[in-house]
Amino acid sequence: MIKLHDKYFKPFLSEAEIQTAVKSVAEKVAADYKDETPIFVGVLNGSFMFVSDFLKQYPHPCEVSFVKLSSYQGLTSTGIVETLLDPPENIDDRCVIILEDIIDTGRTLQELVHLFSNTNVKEFKIASLFYKSEIYNGEYKIDYVGIEIPNKFIVGYGLDYRELGRNLKEVYQLNQKHMINLVLFGKPGAGKGTQAEFLKEQYNLKHISTGDLFRYNMKNDTDLGKLAKSYIDKGDLVPDEVTIKMLEDAVDKNPDASGFIFDGFPRTTAQAEALDKFLATKDMKIDATIALEANDEVLIQRLLERGKVSGRIDDQDENKIRNRFDEYNQKTAPLKDYYEAQGKFHSVNGIGAIDEITHRLGKVIEEL
Ligand code: AMP
């Protein structure tokens with residue numbers, strides 16, 4: 001196990017495994033390009049080791065150049081890709097083969113394709129040493145792949161965690177042992193969102209609220225938002241398959257999180273089962289489900305108050321609120337048994353000052 005900054009990483013791929021993969025990519029490319037002099041374009045910073053070892057294995061005439069893009073800043077992919085070093089000049093009628101260290105969501109790749117889209121290259125191919133097929137958006141064909149890897153946060157062999165770890169000869173993966181994954185449970189208005197904001201700071205967790213994700217999509221009028229709106233405005237639950245997919249995408253976008261707070265998810269037995277199954281594929285699990293308890297009359301007053309400032313249609317009408325409680329009683333309340341059977345259910349009094357309630361939640365978490 002090694003430590004980089006605040007995080008621990010365990011061995012994932014040995015030097016020999018990496019070199020075998022590099023060699024296999026070089027051989028496949030060599031077979032296709034023996035009659036050409038391709039230009040290999042490495043994507044900095046991460047690809048420098050791959051490019052170096054690749055070239056040593058490449059037996060035919062070739063040229064090499066680099067572009068520099070940045071998308072990861074520290075822990076999570078920012079989604080913003082900047083061009084810091086432009087493509088080489090005089091590449092008209094040449095075969096360009098991009099050498100990437102890793103392809104995950106495909107955002108960097110999209111920018112790369114864009115960078116070369118107004119050049120007159122003869123051929124444009126993409127080779128990546130590592131490839132996360134589970135989360136790749138599939139927009140462009142990846143022509144050569146070294147090793148397919150699961151969606152884990154990795155460092156070493158050129159890849160970094162906040163700039164450290166690039167010099168490692170092997171690849172390491174984030175150790176998830178210290179992860180804390182919580183489900184905040186409770187009726188609408190119980191204070192899940194409010195408490196999550198405090199807990200995420202205190203324990204360095206990523207907060208995922210399915211309600212917030214739906215509202216974000218509704219605000220931006222996406223297809224998902226349009227679909228969800230018809231249910232949400234009435235106080236009904238959005239269908240499971242839609243919600244589960246959205247939740248999984250949100251987790252996948254944060255492979256390096258120290259843990260998650262799930263707020264407003266799961267809300268049905270099908271969602272709880274899907275969550276357990278999904279987390280298991282990533283060596284993750286729910287550590288605790290904490291219910292915030294408050295009675296209906298208090299909750300209705302809180303929601304109507306919130307409705308005045310939030311503009312949320314589902315908060316402004318007592319009938320809609322009561323419908324959400326009915327949905328909760330029928331579909332969500334049975335999850336108490338589901339988590340109790342796993343020994344993970346905890347209950348906390350949700351009435352009182354905000355910081356008092358945070359303290360009560362903290363006590364449960366500290367004892368895990
Ligand atoms: P919330 O902000 O958690 O109260 O969620 C607002 C609304 O979004 C709910 O009343 C549902 O219509 C929808 N929603 C949020 N989370 C889920 C979920 N896990 N399953 C189904 N619908 C959900």
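1. Aromatic pairs. Over the whole structure, a search returns 13 aromatic pairs (rings of Phe, Tyr and Trp, the last by its six-membered ring, with centres within 6.5 Å; planes under 30 degrees apart are stacked, over 60 edge-to-face, the rest tilted). For Phe9 and Tyr161 the ring centres are 5.8 Å apart and the planes stand at 50 degrees, so this pair is tilted. The pair connects distant parts of the chain, 152 residues apart: Phe9 belongs to strand β2 (residues 7-13), and Tyr161 to the loop between β9 (154-155) and β10 (171-174). Helices (H or I, at least four residues) and strands (E, at least two) are DSSP runs numbered from the N terminus.

2. Basis. The model is predicted, with pLDDT of at least 70 needed for local features and 80 or more for side-chain atom pairs, while totals for chains, interfaces and linings use all residues. Residues are numbered from 1 along each chain as its sequence is written, and side-chain values use heavy atoms, leaving out hydrogens and water.

3. Domains. The protein chain is assigned domain 1 (2-174) and domain 2 (180-366); such bounds come from an automatic or database domain assignment. Taken over C-alpha atoms, the centres of domain 1 and domain 2 are 38 Å apart.

4. Domain interface. Nine residues of domain 2 are in contact with 10 residues of domain 1 (heavy atoms within 4.5 Å). About 870 Å² is buried between the two domains, 40% of it on carbon and sulfur atoms; this is the accessible area (1.4 Å probe) that two parts lose on being put together, summed over both.

5. Salt bridges. The structure holds 28 salt bridges (a side-chain nitrogen of Lys or Arg within 4 Å of a carboxyl oxygen of Asp or Glu). Between domain 1 and domain 2 the count is two. Lys152 and Asp283 form a salt bridge through their side chains, at 3.6 Å from N to O. Another joins the side chains of Lys56 and Asp53 at 3.1 Å, N to O; both residues lie in helix α2 (residues 48-57), three residues apart, about one turn of the helix.

6. Backbone points to check. Most residues other than glycine have a negative phi, and most peptide bonds are trans. A cis peptide bond, with omega about 0 degrees, joins Leu44 and Asn45; Asn45 is in the loop between β3 (39-44) and α2. Phe265 and Pro266 are also joined by a cis peptide bond, omega about 0 degrees, and Pro266 sits in the loop between β13 (259-263) and α8 (269-280). Asn90 has a positive phi, near 55 degrees, and is placed in the loop between β5 (76-85) and β6 (95-103).
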